[in-house]
Amino acid sequence: MVGTEIVTDEGLNNAYVNGLIQTNNGSLEGKLDELRKLFGKSDDDPLRIVSVGAGAWGSVFAAMLQDGYGHLRDKVQIRIWRRAGRTVDRATAQHLFDVINSREDVLRRLIRRCAYLKYVEARLGDRTLYADEILKDGFCLNMIDTPICPLKVVTNLQEAVWDADIVINGLPSTETHEVFEEIGNYWKERITVPVIISLSKGIEAELEPEPKIITPTQMISRSTGIPMENILYLGGPNIASEIYNKEYANARICGAEKWRKPLAKFLRQPHFTVWDNGDLITHEVMGGLKNVYAIGAGMVASLTNESATSKSVYFAHCTSEMIFITHLLAKDPEKLAGPLLADTYVTLLKGRNAWYGQKLAKGELTLDMGDSIKGKGMIQGVSAVKAFYELLSQSHLSILHPEEKKPVAPVELCPILKTLHKILISREAPSQAILQALRDETMNDPRDRIEMAQTHAFYRPSLLGQ
């Protein structure tokens, strides 16, 4: 049975371990004690961890910490912030009710907490549920089918972060700057410097005074004044619901050695391996790049009725463009090949960006609906298409075209990216244009693009502000 409740504290489950009661309390407590020591915590001062943003991955990340360490409540406090006021529509309430009744463990938990009746009333239309309310009961609005453990939810941002030791950024990149600018105002009087772990996979482009990529960790540093050595990025080929259901997964935490190594140890679980790496910005940018091409993959899958052949053709072209782009962005791009392809693969298989591309191609979604979709959250690949296109269109970054033997902007050698921009951003073309691009007889062999990238010195350190 998934999620056996064994300890409660004012209705908050503190040892929800997805069906496996944690037996290695000693090692868990030891890892927590090591981290507490690094933060200089006294015996009567708990380590305060808060997740900002309650999308699927942010909620699951907080729930995993609660599952693992929540029972050590004298030593650690785990909370999550989300905005108040987001209502749950009746159709979602009906679906939520069905999920609850299909899971005996969840049903028993809600009855025990005297919380079941409100879901009955919401199903009948007699009550309005709110997203922050159901999160306290263990339901993420963007992941209704996967109940998580109950979480301590705070809707006042200042209350959530003002004394936090570790802040998890679970916001989309498009909201990171605004929210952390507000957080920065609350931290002006802080004496200690918090540690921030960003989960966000998205980027923005800054064109003046010199074109470069701005990542969520850089946005956070700019907004709060927190030095980059206290900001880390965690990413990997992960689907949130599968991680919470204990499918084997791995991730990398990237940043300064002082924090990444102890945090990797702290976050590691039997089903969730966490490695560490010092190349923060490049890994973060690659996490945003794969979302671009995942949207196109979804379109191709839908337009070809899931043709394996057509999808493989698209995969060959899109990965060759990604390799080409990594050679522009990274000094040692070969080191990124495995992580980037793994993250791309899982996103193409089951990620929200590929899902979005499928729905657009089927006509079940339109661009006018925006890129924040009910039940899915922010589709970060849309803004990433715009950012990468703008950056790679800059003429002063020009490279020699292999056939025309004249300088061209890098985007001219990325026909998939150009087509996605025409579909999603400038709206000059329908979704079917992605197939037209693949079937263009003038399109070069993907191998040629990879060979060109590997044999030419394309690296542009200025694109990452280096």
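Me: What makes the set with Tyr293 and Phe388 a nonpolar core?
Reply: A nonpolar core is a set of buried Ala, Val, Leu, Ile, Met, Phe, Trp, Tyr and Cys residues joined through side-chain atoms within 4.5 Å. Buried means under 20% relative accessible area, with exposed over 50% and partly exposed in between (1.4 Å probe, protein chains only). The largest such core here has 60 residues. Tyr293, Tyr314, Phe324, Tyr356 and Phe388 have the most contacts inside it. Helix H12 (280-303) is among the elements that give two or more residues. H12 supplies the largest share, eleven residues. This is a predicted model: local features need pLDDT of at least 70, side-chain atom pairs count only at pLDDT 80 or more, and totals for chains, interfaces and linings use all residues. Residues are numbered from 1 along each chain as its sequence is written, and side-chain values use heavy atoms, without hydrogens and water.

Me: Which residues does Phe388 touch?
Reply: Contact means heavy atoms within 4.5 Å. Leaving out residues up to four places away in sequence, Phe388 touches Ile203, Ile213, Val285, Gly288, Leu289, Val292, Ile325, Leu329 and Leu417.

Me: Why are S7 and S14 called edge strands?
Reply: Two strands pair if DSSP finds at least two bridges between them. Strands are DSSP E runs of at least two residues; helices are H or I runs of at least four, and both are numbered from the N terminus. The open sheet runs S7-S4-S3-S8-S9-S12-S13-S14. S7 (153-154) and S14 (272-277) each pair on one side only.

Me: How do you know that S8 and S9 pair?
Reply: Four bridges join S8 (166-169) to S9 (195-198), and the definition asks for at least two. The two strands run parallel. Asn169 has Ser198 as its bridge partner in S9.
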